[in-house]
Structures are given as C-alpha cells and as structure tokens.
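Please walk through the structure below with the text at hand. The account goes part by part and stays with what can be computed from the coordinates.

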Amino acid sequence: MKRAVFSNPWLPILILSPQLAIIAVFFYWPAGFAIQSSFFLQDPFGFGSTFVGVSNYTDLFASSEYLRVAWFTIIYTVLVTFFSLAIALLLAVKADNVLRGAKTYRTLLMWVYAIAPPVAGLMGVMLFDQSTGPITELFGAFGWDFRLGVNYWDTATAMIIVAVWKQVPVNFIFFLSGLQSIPRSVREAALIDNRSASGRFWDVIFPLLAPTAFFLLIINITYALFDTFGVIDTLVKGEPGNNPMTLVYKVFIDGFRGNDLGGSSAQSVVLMVLVLILTIVQFRMMERRIHYT
Amino acid sequence: MADITDTTPAIIAAPASKPTRRIKWGLVGDHAILILGSLFMVVPVFLVFMTASHTPVTVHTEGMQWWLGDQLAENFHAAMFEKGGFTDTVDGMRMLMNSMILGIGFAVGKIIISMFAAYAIVYFRLKFATLAFWIIFTTLLLPLEVRILPSYEVIQGMGLTNTYTGLIVPLIASATGTFFFRQFFRSVPEELVEASRIDGAGPVKFFIDILIPLSRTMIAAIFIIMFVFGWNQYLWPTLITTEEGFFTLVRGIRQIVQTYTDSSIPEHGQAMALAIIAMLPPVLIVIFFQNWFVKGLTESDK
Amino acid sequence: MSKVTLDRVRKVYPNGVEAVRPSSFEIPHGELVVMVGPSGCGKSTLLRMVAGLEDITDGTLSIGDRVVNDVDPADRNIAMVFQNYALYPHMTVAKNMGYGLKNRGLPKAEIDAKVREAARMLNLSEYLDRRPSQLSGGQRQRVAMGRAIVRSPELFLFDEPLSNLDAKLRNQMRIEIRSLQRRLGVTAMYVTHDQVEAMTMADRIIVLNAGQIEQIGKPSEIYNRPASTFVASFMGAPPMNLLPASYNGNGHVALGDDLALPIQADADHAGEVQLGIRPEEVHLSDKGKTPFQLDLIEELGASRLLHGKLAGHEFTVNAPNDDAPLEGTLMLDLPQHALHLFHGETGRRL
C-alpha cells in the first residue's frame with residue numbers, strides 16, 4: 001500500500017466498475033451457475049430441471065469412463081510437464097553458456113510461443129499422419145507401427161509431443177531469464193569452489209532456479225490441464241471416439257455433445273476444486289519461498 | 001624484495017610461441033544441443049511451409065514435402081481469397097480481419113480496463129479495497145476452459161452468440177492484466193505522487209501525465225502478450241461463433257481438420273497456407289518485439 | 001613457497017580490445033600486493049586471470065613453481081573475495097564456508113573444525129546457521145573472508161572487497177584484512193580503485209592505467225617518486241599539482257614568463273615539462289618567493305585546503321589549520337625536494 005494516495009471518493013469506484021461488472025457477469029455468474037447446475041438434472045429437451053443433490057457427483061466418480069479420463073489426464077499432465085520443463089531447462093542452461101549466437105538461439109527457441117495450440121495440432125495431424133506423416137515414417141524406421149487416431153497410446157504420444165513442443169518456449173524464456181538473474185560472481189565463486197560442472201549446477205545453479213522452476217511447475221500443470229484443449233481437439237479431429245482425452249475435453253464433450261448440463265457442471269466444479277488446490281499450494285510455497293538477498 | 005620487471009609493451013618481442021587455440025569440447029556440445037533444439041522448433045513449421053507449395057494430390061500421396069513446389073502462390077491465393085474450400089461463406093481475408101478484431105479488441109480492452117482497476121486499487125484510499133482486490137484476484141483461479149459450459153449458457157441467454165462482444169468481453173473477465181499493472185504501479189516510486197501533488201496534479205492529471213507515460217513499455221509488453229493470447233483463442237470462438245462470418249483463423253483450423261475426416265482428398269496445400277497465415281502475425285510480433293515481450297512475461301512472475 | 005609470477009601476461013578480448021598489455025612481475029611469498037587504478041584500467045581483468053576466471057591470451061602465469069595458465073580455477077589452490085561477496089544465498093554461513101572443502105573430499109569432521117576455527121577468528125560463531133540474507137553487509141563480508149580462509153589457499157585474491165561497505169566499516173575491515181593476512185602469512189593480491197586502501201594495506205602497489213603497468217613499488221616509493229604524471233595525480237589526496245613548464249637543461253624550470261625555480265634533478269631532457277608539486281609539501285612563508293593568488297578555502301579540520309592560482313594555473317595548497325585569516329596574494333615556499341619533473345609529452349618522470 002502506498003503512503004501517498006488520493007482520497008477522491010467516487011473516481012476509484014467509477015474506474016473500478018468496468019472490471020467488476022465484467023467479472024460479475026462473465027465470471028461469477030457462470031461460476032455460480034455451474035455450481036448450481038451441478039446439483040440438478042436437466043431434461044435433455046430443455047424442459048426444466050430436477051434437483052438431484054450430489055448424485056451428479058456420485059455418478060461421476062462411479063463412472064469408469066470418467067475415472068479412465070481422469071487417470072489419463074494425470075499421466076498426460078505429468079509427462080507434458082516433465083518433458084517440457086526438462087527440455088527447456090537443458091536448452092536454457094546451454095543458451096546461457098554460449099556467447100556466440102546466443103540471441104539467435106533465443107529467438108529460434110522461443111518464437112513457437114506465438115503459435116496457437118490448434119495450429120500446432122493441425123501440424124501434428126500432418127506430421128503423424130498414419131500413412132504419410134514424416135514422424136510416423138521415422139517411428140516406422142525403428143519398427144514402431146504408429147497409428148494416430150487408431151491406437152490409444154499412439155494418439156496419446158502424439159498429443160504429448162505436440163503439447164511439449166508448444167510449451168518448451170515459455171519454459172525456456174523463464175529459465176533463461178532466471179539463469180541470467182543469477183549474479184555472475186556467485187557462479188565464479190562456485191567455479192573456484194567446485195571443479196565439476198554438473199556439481200556446480202546441482203549445488204548452486206539449480207537451487208537458485210528453484211523459485212522459477214516451482215512457478216513454472218504450476219504454470220505447466222495448468223497448461224497441460226486446460227490450455228492443450230486445441231491440441232487435443234485437432235489431433236482427434238473433433239471426434240474423440242476411443243481416443244484419449246483430458247478432463248477439460250470431457251467437460252466440453254459431455255456438455256456440448258451429450259447435452260448433459262448437470263454432469264458437465266459437476267465436472268467443471270471438480271476442476272475448479274483442482275485449480276483451487278493448485279493455487280493454494282502455489283501460495284503456500286511462495287510464502288515459504290526464500291527471498292534470496 | 002624480489003626482482004621487479006616493469007615491462008612496457010615496446011620492449012616485449014612477440015611471445016615465443018603463440019598458444020594454439022584450444023577447442024572447447026564442452027562448448028561444441030552446447031552448440032550441438034542448441035542446434036538440435038532449434039531444429040526441433042523450426043523444422044515442423046518449415047515442413048508446413050514447404051507443403052503449402054504443393055498440390056493436394058502430391059501431399060495426399062506423398063505426405064509433407066521438404067522442398068518448395070510450384071503451387072505456393074496458388075495455395076496462398078486460394079486460402080486468402082476463395083470462399084468455400086473449408087467454409088462456404090468466408091475467405092481467409094475475412095477470417096484474418098476477425099482474428100485482428102479479436103486480438104486487438106481483446107488486448108486493448110484488457111489494457112484499458114485493467115489499468116483503470118489497478119490504478120484504483122493502488123492509488124486510492126478505498127474502504128472496500130481489500131474486498132475488491134479479492135473479488136478480482138479470485139478470477140485468476142479459474143481459466144475459462146473450466147467454466148466453459150455455464151459461460152456459454154450465460155452468453156447465449158444474453159443473445160450475444162455470433163457477436164464480437166460475445167466473442168471478446170467474456171475473455172476479458174480475468175485479472176491477469178490487472179495484476180501486471182498492479183505490480184508495476186507498486187514499483188513506481190512514491191515520491192512521484194507526492195511531487196505531482198505538490199505540483200498541483202489531481203488523480204486524473206497524475207494518471208494521464210505521469211503514470212501512462214511511465215507505463216509505456218509495460219503497456220507495449222502486455223499488449224503483445226494479450227494480442228497473442230487473444231489471437232490464439234480457440235475453444236471460446238468455437239462455441240460462440242457458429243456463423244462463418246465471425247470465424248477467426250484459429251477457429252477456421254477446426255473446419256480444416258474436420259474436412260480431413262471426409263473421404264475426398266483434402267485441400268492440403270490450402271490448409272497449410274491457412275495455417276501459416278494463422279501463425280504469422282503473432283509470430284512476427286513476438287520475434288520483432290522480443291525484448292518487450294520477454295520482459296513483460298517474466299516480470300509478471302514477481 | 002607460494003610466490004606468484006606473471007611473465008608477459010596479456011589479455012585481448014574477442015572484440016579485439018587489449019584489456020591488459022603484456023605485464024610481468026613477481027609477488028614473493030607472504031606479500032600483499034595492491035593493484036590500483038581507475039575503472040577500466042585492467043586491474044580486475046589481471047586478478048581474474050590469476051583466478052582462472054578469464055583466459056590468458058599470451059604469456060605465462062605461475063603460482064608457486066607451477067604454470068597454471070590452463071589449470072581449472074578450482075585446482076589453482078586460490079581463494080577469492082568478491083566485491084559483492086558472492087555468497088551462495090541458499091546455503092547457511094557454515095555451508096557457504098565449507099562448500100569448497102566438501103568438494104575437495106575432506107571428511108565432514110575436518111570441514112566442521114576448520115569452519116568453526118574461521119568463524120571464531122571472524123566473530124561469526126553465532127551466525128553459522130544463518131542464511132546470507134539474514135546478515136548485515138559487514139557480516140556478509142566476513143563470511144566471504146571466512147570462505148577464503150578455510151580453504152588455506154596458497155593465494156588470496158581480493159576484488160574490491162570493501163567497496164560495498166560504509167566508510168566506518170571499511171576502515172575497520174581494512175585493518176582486519178591486513179592483520180589477518182599477516183597472521184596467516186598467505187600471499188595476496190588485492191584490487192581497489194581507492195588509493196587510500198592501496199597506500200594503507202599494500203606491501204607493494206601496482207598502479208595500472210589503460211591496461212598498462214605505470215609503476216610498481218612500495219607505498220612510500222609510489223608517493224615520493226611517482227613514475228609518471230598519471231601516478232602522481234592518482235595517488236595522494238588532494239592530488240599532486242601539475243603545472244606546464246619548461247626546463248632549460250641546466251637546473252632551472254621556468255613557470256610562465258617571470259617565474260623560474262631552481263631544481264635538483266639532473267634531467268637530460270630540455271623543453272616542455274610538467275612540474276609536479278604535492279599540496280602538502282608547499283609552505284606558506286613570508287620569505288617565500290612564489291606568489292599564489294588565493295580564491296577559496298576548504299576547511300578540513302586538521303588542515304585546510306587553499307585553492308587558487310599559481311603562475312596562472314590552478315593550484316592547491318594544504319596548509320596547517322591555525323585560524324589565521326588569509327586572503328589575496330600569499331607567498332609560497334617551494335622546497336627543491338618537493339619538485340617533481342615529468343616529460344611534457346610522455347608524462348614519464350625525468
């Protein structure tokens with residue numbers, strides 16, 4: 001809070017109101033609506049709805065299909081998060097090492113940030129095409145009969161690769177900026193203290209990157225859970241069938257294809273709780289996050 | 001006291017033997033990894049571009065192409081100016097315009113609204129400041145994707161489907177921009193407010209004469225991030241725009257993909273051309289305004 | 001014996017800038033050498049080459065009898081104290097000090113003993129479990145010192161270690177570092193831009209300018225017989241007065257048209273010279289023969305600085321503070337031993 005503030009009574013309310021109005025109408029109303037609908041069963045033809053208590057939720061957790069999607073979402077999130085963080089960290093460490101061409105590498109490694117997930121998905125459709133895709137052919141050379149859209153785990157692999165490809169740039173940017181904010185003299189002190197480069201990395205550099213890494217961990221989990229919708233939708237060509245999907249995709253499918261407002265809303269609420277937990281964890285960790293120097 | 005030889009360069013002959021330049025294998029390895037990483041990022045898009053220069057039949061039978069064909073201009077022309085193909089009533093130009101409206105409308109709307117809100121929160125003594133803060137803050141928790149169906153129901157109930165308002169405004173209902181600006185305003189030295197009050201500037205003058213000029217780079221950075229974010233929206237436009245006249249380029253990708261499930265040979269070349277057009281504006285902005293963009297992105301963390 | 005020998009050591013950066021011209025000197029065992037000069041003079045580059053943080057372009061560097069040009073910093077058996085301390089923010093004080101020893105594979109008990117001993121010497125015993133962020137600037141400085149001490153290095157390197165401290169602490173730490181280095185008997189190289197630090201701490205001083213060594217010598221030599229106008233004006237506060245003059249080759253220096261001073265030096269250069277006179281070696285005297293036009297008095301307490309003009313040039317006199325009112329034209333006594341002659345073009349001492 002600032003010491004010096006203006007004490008005009010109506011101006012702040014006036015300039016705050018657009019934000020509050022938009023949030024009220026397009027955030028709180030829908031969110032409340034979701035929570036409310038999750039306790040009702042809607043008539044499929046749109047004629048009224050019946051209060052059904054928590055049965056939408058119990059149905060959800062009794063559904064083997066929902067649990068299967070939840071399970072896949074976990075695996076998918078873990079793999080996407082791990083690989084996009086690991087690859088980005090490796091590249092950032094290397095880009096931080098080199099002097100020559102550093103700027104060019106930075107540009108080449110970050111520009112994919114600007115590509116929309118569904119465009120990346122469309123590229124995936126071509127690259128992993130069952131009969132002519134270059135990556136399919138590459139896998140074939142190693143004896144892997146890759147079948148996008150037919151084999152469950154093959155499709156999952158394509159989703160993960162495309163999702164990682166799309167996410168590496170953001171992580172790279174953050175890791176590189178984290179590395180560059182480590183004082184040069186601290187690295188040099190480590191150079192005198194430890195002759196092993198990997199020792200220096202794990203003892204000194206990595207702990208100093210930990211706040212960045214943790215922040216990115218949350219960002220990446222959120223990305224894998226929600227922002228890869230476009231990747232998944234395009235890779236399964238809008239028709240999931242027996243292909244893998246994530247929880248968010250299922251909310252969409254059940255709500256808009258299945259017209260199951262109650263069930264879809266219950267799923268939304270489950271996701272809201274999940275995000276809430278993630279956020280609480282993030283803030284807990286940020287409180288404990290050591291503010292170095 | 002040991003010998004001291006203070007030698008000026010003039011006295012020194014060239015050193016007996018020039019030390020051979022050591023090849024630093026570690027550095028070679030670093031470059032190798034970075035080159036591999038860059039290829040990983042660039043090659044897929046390269047293939048898309050090359051494929052966009054071939055006929056559908058070539059692509060259909062041989063897959064993506066590594067070399068430039070002779071259909072580049074034709075495919076881009078068709079993607080931009082021909083109606084039909086993937087959609088029946090719009091051409092690429094129309095979608096490009098819609099994407100621009102979404103990207104710029106979203107970015108500008110977000111910046112204006114969140115600058116105002118952040119200004120109110122940081123610089124005014126407000127009774128319910130904490131409450132307002134939390135009301136706005138909570139929106140950070142729930143991405144649109146989570147509350148997609150109820151949001152759709154609400155917008156539909158308001159009759160805003162197939163309107164630019166329905167397309168843009170609900171996307172603004174999150175506090176990311178407000179937080180960028182809140183953090184930035186808090187880093188502005190307090191003495192500036194004090195000085196400008198002594199100079200007789202009220203809240204409006206301070207905002208226009210001091211704060212906006214100070215925020216220029218920040219505004220530019222946020223504009224870039226928000227423009228890319230808005231341009232790349234997919235799920236919301238997919239739901240809210242069913243009339244093709246409102247399709248954005250990214251929304252159009254969905255139509256392309258769906259033609260792939262048809263039995264006829266899809267217009268691969270045009271599809272790839274449209275994909276290139278869809279990625280070009282945000283990519284160019286990010287590359288050319290890299291420094292602002294990176295600054296804006298990484299400083300949002302703190 | 002851990003002497004340090006530089007033989008025509010040179011540094012050229014990839015962009016072609018020659019940061020250090022070929023330089024040679026030797027530091028005998030146990031000596032503390034201060035490298036001083038303005039920023040960008042190459043003093044830090046020189047130190048960092050000794051540390052192994054910069055590649056040596058040409059020449060050889062030995063620590064003890066070992067050529068270390070291509071030896072890893074961690075294997076040079078050196079310790080370095082950085083300007084901003086460069087403590088590891090995520091490690092406790094004890095871990096900070098022991099990290100280098102741990103990497104050398106010393107047993108834990110031994111590391112512990114050494115850390116405790118160093119902490120006792122530096123009055124850090126109660127802070128061993130704290131993080132650097134919980135310490136004051138002076139304490140961090142001590143931790144950085146402790147980290148250097150526990151390694152029992154052959155050579156201490158100090159890169160402007162006191163410049164982030166306030167004036168009072170700086171004086172105190174100056175004495176502490178000096179006495180510690182004496183007690184441990186370890187050879188040390190110390191970089192600073194502060195000429196007071198250089199004068200007070202050094203066994204010998206190396207004055208650098210534009211990548212080149214201007215002079216090497218004991219503090220008294222540097223002060224009394226500066227080798228160039230650069231050294232003369234850089235070392236000493238207020239700096240030496242330098243006046244353009246001409247030397248006729250037979251014992252007289254002419255300042256302007258009507259002022260000639262007899263001089264002891266038997267310089268074999270006749271023509272344009274720079275005449276150097278330290279403000280504190282000039283005396284106000286009624287019997288003096290040199291007129292000085294007083295403009296402004298700066299009170300320093302113990303003495304006062306008189307600023308004015310001598311033969312039309314800016315001139316400063318450091319006079320004892322005796323409260324006597326002064327104004328107008330004063331007469332100065334310029335003793336012969338206080339006159340330094342420098343070449344008019346090269347600036348070298350004549």
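In this predicted model, helix 2 of chain C passes helix 3 of chain C in a right-handed crossing. Helix 2 covers residues 93-103 and helix 3 covers residues 108-121, and their axes come within 10 Å and cross at roughly 135 degrees. Angles over 145 degrees would count as roughly antiparallel and 65 to 115 as roughly perpendicular, so helix 2 of chain C and helix 3 of chain C are oblique to each other. On the side of helix 2 of chain C, the residues that meet the partner are C:Ala94, C:Met97, C:Gly98, C:Leu101 and C:Lys102. Helix 3 of chain C answers with C:Ile111, C:Lys114, C:Val115 and C:Ala118. Sorted by class, this contact has six nonpolar, one polar and two charged residues.

Chain C also holds an open sheet of five strands, in the order 13-12-11-14-20, with antiparallel pairing. At its edges lie strand 13 (259-262) and strand 20 (339-343) of chain C, each of which pairs on one side only. Direction ignored, neighbouring strands of this sheet are turned by 40 degrees against each other on average. Strands of a sheet pair through backbone hydrogen bonds, either parallel or antiparallel.

The sheet can be followed pair by pair. Strand 12 (residues 252-255) of chain C pairs with strand 13 of chain C over four antiparallel bridges. One residue pair to look for here is C:Leu255 with its bridge partner C:Leu259 in strand 13 of chain C. On to the next pair: strand 11 of chain C and strand 12 of chain C run antiparallel and are joined by two bridges. C:Ser246 has C:Ala254, in strand 12 of chain C, as its bridge partner.

Chain A comes next. Its secondary structure comes to 12 helices and two strands. The C-alpha trace of chain A spans about 75 × 70 × 30 Å along its principal axes. Of its 293 residues, 46% count as buried. Among contacts in chain A between residues at least 6 apart in sequence, 69% join residues at least 24 apart.

Helix 3 (residues 64-97) of chain A and helix 9 (residues 197-227) of chain A have axes that come within 9 Å and cross at roughly 135 degrees. That angle makes helix 3 of chain A oblique to helix 9 of chain A. The crossing of helix 3 of chain A past helix 9 of chain A is right-handed. Helix 3 of chain A makes the contact through A:Thr73, A:Tyr76, A:Thr77, A:Val80, A:Thr81, A:Ser84 and A:Leu85. From helix 9 of chain A come A:Leu216, A:Leu217, A:Asn220, A:Ile221, A:Ala224 and A:Leu225. By class the contact has eight nonpolar, five polar and no charged residues.

A:Ser198 also belongs to helix 9 of chain A. Is A:Ser198 buried or exposed? It counts as exposed, because A:Ser198 has 8 C-beta neighbours inside 10 Å, and 12 or fewer is the cut-off for that class. A:Ser198 and A:Thr228 are 30 residues apart in sequence and 34 Å apart in space, C-alpha to C-alpha.

Chain B has 15 helices and zero strands. Buried residues make up 44% of its 302 residues. Of the contacts in chain B with a separation of 6 or more, 72% are between residues 24 or more positions apart.

Chain B touches chain A through 77 residues of chain B and 76 residues of chain A. On the chain B side, helix 1 (residues 25-51) gives the most, with 13 residues. That side of chain B has 52 nonpolar, 14 polar and 11 charged residues. In helix 15 (residues 290-299) of chain B, the residues B:Trp292, B:Phe293, B:Val294, B:Gly296 and B:Leu297 are buried. The buried residues of helix 15 of chain B pack against helix 11 (216-231) and helix 14 (268-288) of chain B, together with helix 7 (152-180) of chain A.

Definitions and conventions
Residues numbered from 1 in each chain as written. Chains lettered and ligands numbered in written order. Predicted model: local features only at pLDDT ≥ 70, side-chain atom pairs only at ≥ 80, totals over all residues. Axes fitted to C-alpha atoms, helices over the stretch in contact; angles between N-to-C directions. Parallel < 35°, antiparallel > 145°, perpendicular 65-115°, else oblique. Left-handed = near helix turned anticlockwise from the far one by under 90°. Contact = placed C-beta atoms within 7 Å. Nonpolar A, V, L, I, M, F, W, Y, C, P; charged D, E, K, R; others polar. Pairing = 2+ DSSP bridges. Buried ≥ 20, exposed ≤ 12 C-beta atoms within 10 Å, placed from the backbone.
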